[in-house]
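Keep the structure open as you read.

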Amino acid sequence: MTINASPESIEISASDRVFVLTGAGISAESGLRTFRDSNGLWAGYQVETVATPEGWDANPELVWQFYSQRRREAQESQPNAAHYALAELEKRIGERFFLCTQNVDDLHERAGSKNLVHMHGELFKTRCEAKCGACVFEDRDSYNSMREIPICACGARLRPHIVWFGEIPLEMVRIQQEIARCSLLLVVGTSGAVHPAASFVHWANARRGTRARTFYVGPEEPLNANAFTRIIPGRAGETLPCMFKIL
Ligand code: APR
């Protein structure tokens, strides 16, 4: 079956297993800023102050302000055609599809994606900074207007469920297993600046046996462009909806 496949289409056979990695670029057309654009999210904020354990220790109120603002922006945004295209692909090929996102927004879920992991955490979850057992929970509140940061029943501070620089990304065992068995790795909208995500294409290339076909989709070449079989230039929302040719 062909879904309006374009000249830049990617053929997916009945035996292919597809691993997709997405970054901030896939949410750009939903109005969410990326990180490293000139007008990007880090503009106006030092990464160290809002996205490191040290920044959290030094000024937790500022950290909560930053993520509260991001919660508001994400709540006001909607999934775009690229999110829907990936959800549709999953519907077509079922459990042969796996999605790993670096994004902390919930636009993939809202578009209908099911088999996905958020390796850098989730904006709409909060957790206790201690290991009290009431750890990760759904949370759509903003704490911007609060004078004090929220406190867990155990007395410890509550923190955003976000993986900060210097912390270990989530779900790495599952991610490695999925890369090991995929035959097609598609990366969308990430600059290739942050590891380990930037290494996934190298992991797929380095494994024994048949190499996976690897594709990158985005308006600019990522830093790791040389590692891909093919770079498909374009904005995700315009490119993905007509890209998959399911055989
Ligand atoms: N479609 C596809 N890609 C796009 C689009 C678009 N419409 N618009 C921008 N891009 C691309 C940019 O060309 C850039 O390569 O998205 C990429 C965004 O890169 P970054 O801002 O570096 O974001 P990302 O790679 O997701 O950052 C990785 O770093 O800051 C940390 O934890 C944070 O998850 C984040 C990680």
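In strand 7, T126 has P160 as its bridge partner. Strands and helices here are DSSP runs, numbered from the N terminus: a helix is H or I with at least four residues, a strand is E with at least two. The model is predicted: local features need pLDDT of at least 70, side-chain atom pairs count only at pLDDT 80 or more, and totals for chains, interfaces and linings use all residues. Residues are numbered from 1 along each chain as its sequence is written, and side-chain values use heavy atoms, without hydrogens and water.

**The antiparallel sheet**
- Strand 5 (residues 121-128) and strand 7 run antiparallel, joined by 4 bridges. Two strands pair if DSSP finds at least two bridges between them.
- The open sheet has 3 strands in the order 6-5-7, with antiparallel pairing.
- Its edge strands, strand 6 (136-138) and strand 7 (158-162), each pair on one side only.
- Neighbouring strands of this sheet are turned by 45° against each other on average, direction ignored. Axes are lines fitted to C-alpha atoms, for helices over the stretch in contact; angles run from 0 to 180 degrees between N-to-C directions.
- Helix 3 (residues 60-76) lies across strand 5 and strand 7, at about 140° to strand 5. Contact means heavy atoms within 4.5 Å.

- Another open sheet has 6 strands, with parallel pairing and the order 4-3-2-8-9-10.
- Strand 4 (116-118) and strand 10 (230-233) are its edge strands, and each pairs on one side only.
- The twist from one strand to the next averages 15°.
- Strand 3 (residues 97-101) runs parallel to strand 4, with 3 bridges between them.
- L99 stands opposite L116 in strand 4.
- Helix 4 (residues 81-93) lies across strand 2 (18-22), strand 3 and strand 8 (184-188), running at about 150° to strand 3.
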